[in-house]
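Work through the exercises below with the model open in a viewer. Each task is followed by a stepwise solution.

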Amino acid sequence: MELEKVRELVRAVPDYPEPGVLFRDLTPALADAEAFAILTTELAASAGAPDLIAGVEARGFLIGAAVALVAGAGVVPVRKAGKLPAVAGSRTYDLEYGTATLELPAGTVEPGTRIFVVDDVLATGGTAAAACGLLADVGAEVTGFGAVVELAALKGRDKLAGIEVHALLTY
């Protein structure tokens with residue numbers, strides 16, 4: 001199966017970013033033209049026919065832009081706070097060690113816009129839920145969420161109730 005090529009290139013990095021964590025590094029899969037084409041095409045097929053693909057900072061930008069191109073859709077970044085000159089909306093969410101805020105650029109999403117959200121990894125679901133919530137706040141219709149990797153034991157999917165989740169690889 002084609003996704004096995006992607007799986008083979010996802011590097012497991014023990015004890016990063018802290019002891020006891022097994023980090024899944026997608027960089028080798030993104031750097032391999034064939035694997036990148038496979039994951040892009042697979043996520044685009046999951047996206048259906050959205051108006052926009054929203055890529056979540058930062059690897060979601062890379063993946064989201066490629067998915068948008070294949071899907072025939074536009075792309076919009078969901079950024080960390082303070083990175084945009086004009087902001088349509090923001091959403092703050094809890095992290096294990098504090099809070100973070102995501103922002104949406106002004107003038108990019110109209111009410112009723114159909115958006116498929118893309119990120120590299122679905123872990124605890126906090127960032128994914130915040131991104132989807134932010135888009136809903138500005139009137140978008142979130143049609144689904146796609147990730148290259150889902151870390152199933154962290155149950156991030158549970159925070160996306162009512163949103164169809166597509167993960168290419170599950171660990």
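## Exercise 1: a strand pair

Task: In which sense do β5 and β6 pair, and over how many bridges?

Solution. 
1. Strand β6 spans residues 98-105. In this predicted model, β5 and β6 pair in the antiparallel sense over 8 bridges.
2. A hairpin of 2 residues joins β5 to β6.
3. Now one facing pair. Arg-91 stands opposite Leu-102 in β6.
4. For background, strands of a sheet pair through backbone hydrogen bonds, either parallel or antiparallel.

## Exercise 2: the sheet around that pair

Task: Give the strand order of the open sheet. Which strands are at its edges?

Solution. 
1. The order is β5-β6-β4-β3-β7-β8-β9, so 7 strands form an open sheet, and the pairing is mixed.
2. The edge strands are β5 (87-95) and β9 (165-170), each pairing on one side only.
3. On average, neighbouring strands of this sheet are turned by 20° against each other, direction ignored.
4. Helix α5 (residues 126-137) packs on the sheet. Its contacts are β3 (52-56), β4 (74-80), β5, β6, β7 (114-122) and β8 (141-150). The direction of α5 makes about 150° with that of β5.

## Exercise 3: a residue in β3

Task: Is Leu-52 buried or exposed?

Solution. 
1. Leu-52 lies in strand β3.
2. The relative accessible area of Leu-52 is 12%. Buried means under 20%, so Leu-52 is buried.
3. Beyond four places in sequence, Leu-52 touches several residues, including Val-75, Val-76, Val-109, Ile-115 and Phe-116.
4. Compare a residue 17 places away along the chain: the C-alpha atoms of Leu-52 and Ala-35 are separated by 23 Å.

## Exercise 4: the annotated region

Task: Which residues does the UniProt domain annotation cover?

Solution. 
1. The unreviewed UniProt entry carries the annotation "domain: Phosphoribosyltransferase", covering residues 47-150.
2. Over residues 47-150 the chain is 25% helix and 46% strand.
3. The end C-alpha atoms of this stretch are 17 Å apart.

Conventions:
Residues are numbered from 1 along each chain as its sequence is written. This is a predicted model: local features need pLDDT of at least 70, side-chain atom pairs count only at pLDDT 80 or more; totals for chains, interfaces and linings use all residues. Side-chain values use heavy atoms; hydrogens and water are left out. UniProt positions are given in the numbering used here, feature names are shortened, and annotations may be inferred rather than shown by experiment. Helices (H or I, at least four residues) and strands (E, at least two) are DSSP runs, numbered from the N terminus. Axes are lines fitted to C-alpha atoms, for helices over the stretch in contact, and angles run from 0 to 180 degrees between N-to-C directions. Contact means heavy atoms within 4.5 Å. Buried means under 20% relative accessible area, exposed over 50%, partly exposed in between (1.4 Å probe, protein chains only).
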